[in-house]
Amino acid sequence: MPYVVTENCQQCRFTDCVTVCPVDAFHGDAEMVYIDPDACIDCGACEPQCPVKAIKEDREAEKNPSLASWVAINRDKAPGLPLITKKAAPLPTAEAKKKTLGY
Ligand code: SF4
Ligand code: SF4
């Protein structure tokens, strides 16, 4: 049961999560990162690292339909995007997005 990155990561991309992943499961585009479910070993290390709580366990999708669409988006997008393994500067919009989200 892999973890997934959800909408809170959009315009944010703090990338605190990628440095703790033991299997390099994170891929990214210009807007956010995604977890490759075939690479993720479900260790949970990334989830508490995200300052905007964007990372969720896919098993929560049973109770949360919007999470189900993010499970599909992570699965579809991650394999075709570049691997992100090092912390990068957050997007210029990140602090404003974080404030909007209440973190
Ligand atoms: S730490 Fe959170 S906001 Fe930052 S890249 Fe990872 S999932 Fe996205
Ligand atoms: S749960 Fe573990 S293996 Fe999966 S993406 Fe997060 S840190 Fe990587």
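1. Basis of the model. The model is predicted, and local features are given at a pLDDT of at least 70 and side-chain atom pairs at pLDDT 80 or more, whereas totals for chains, interfaces and linings use all residues. Residues are numbered from 1 along each chain as its sequence is written, while chains are lettered from A and ligands numbered from 1 in the order in which they are written.

2. Confidence. The pLDDT, which is the predictor's confidence in each residue from 0 to 100, averages 95 over the chain, and 100% of the residues score at least 70. Confidence is lowest in helix H1 (residues 65-77), with a mean of 95, and highest in strand S3 (residues 33-35), with 98.

3. Overall build. The chain has 2 helices and 4 strands, and these are DSSP runs numbered from the N terminus, with helices being H or I of at least four residues and strands E of at least two. Read from the N terminus, the order of the elements is β-β-β-β-α-α. The radius of gyration, taken over C-alpha atoms, is 12 Å, close to the 13 Å that the globule rule (2.2 Å times the number of residues to the power 0.38) gives for 103 residues, so the chain is as compact as a globular protein of that length. Along its principal axes the C-alpha trace spans about 30 × 30 × 25 Å.

4. Two residues are in contact if their C-beta atoms, placed from the backbone, lie within 7 Å; among the contacts with a separation of 6 or more, 75% are made by residues 24 or more positions apart. Of the 103 residues, 32% count as buried, a residue being buried if 20 or more other C-beta atoms, placed from the backbone, lie within 10 Å of its own, exposed if 12 or fewer, and partly exposed in between.

5. Nonpolar core. A nonpolar core is a set of buried Ala, Val, Leu, Ile, Met, Phe, Trp, Tyr and Cys residues joined through C-beta atoms within 7 Å. The largest one has 24 residues, and those with the most contacts inside it are Val5, Cys17, Phe26, Val33, Ile35 and Ile55. Strand S1 (3-5), S3 and H1 each supply at least two residues of this core. Beyond its neighbours within four places in sequence, Val33 is in contact with residues including Val5, Cys9, Phe26 and Ile84.

6. Ligand shells. A residue is near a molecule if its C-beta atom, placed from the backbone, lies within 6 Å of it. Ligand 1 is surrounded by 15 residues, the closest being Cys9, Phe14, Cys17, Cys50 and Ala54, and its shell divides into 11 nonpolar, 2 polar and 2 charged residues. Around ligand 2 there are 15 residues, with Cys21, Ala25, Cys40, Cys43 and Cys46 the closest, and the shell divides into 13 nonpolar, 1 polar and 1 charged. Here Ala, Val, Leu, Ile, Met, Phe, Trp, Tyr, Cys and Pro count as nonpolar, Asp, Glu, Lys and Arg as charged, and the others, Gly among them, as polar.

7. Backbone points to check. Asp42, in the loop between S3 and strand S4 (55-57), has a positive phi of about 65° although it is not a glycine, and Asp42 counts as exposed because it has 12 C-beta neighbours inside 10 Å. Lys53 is placed in the loop between S3 and S4 and has a positive phi near 50°; with 14 C-beta neighbours inside 10 Å, Lys53 counts as partly exposed.
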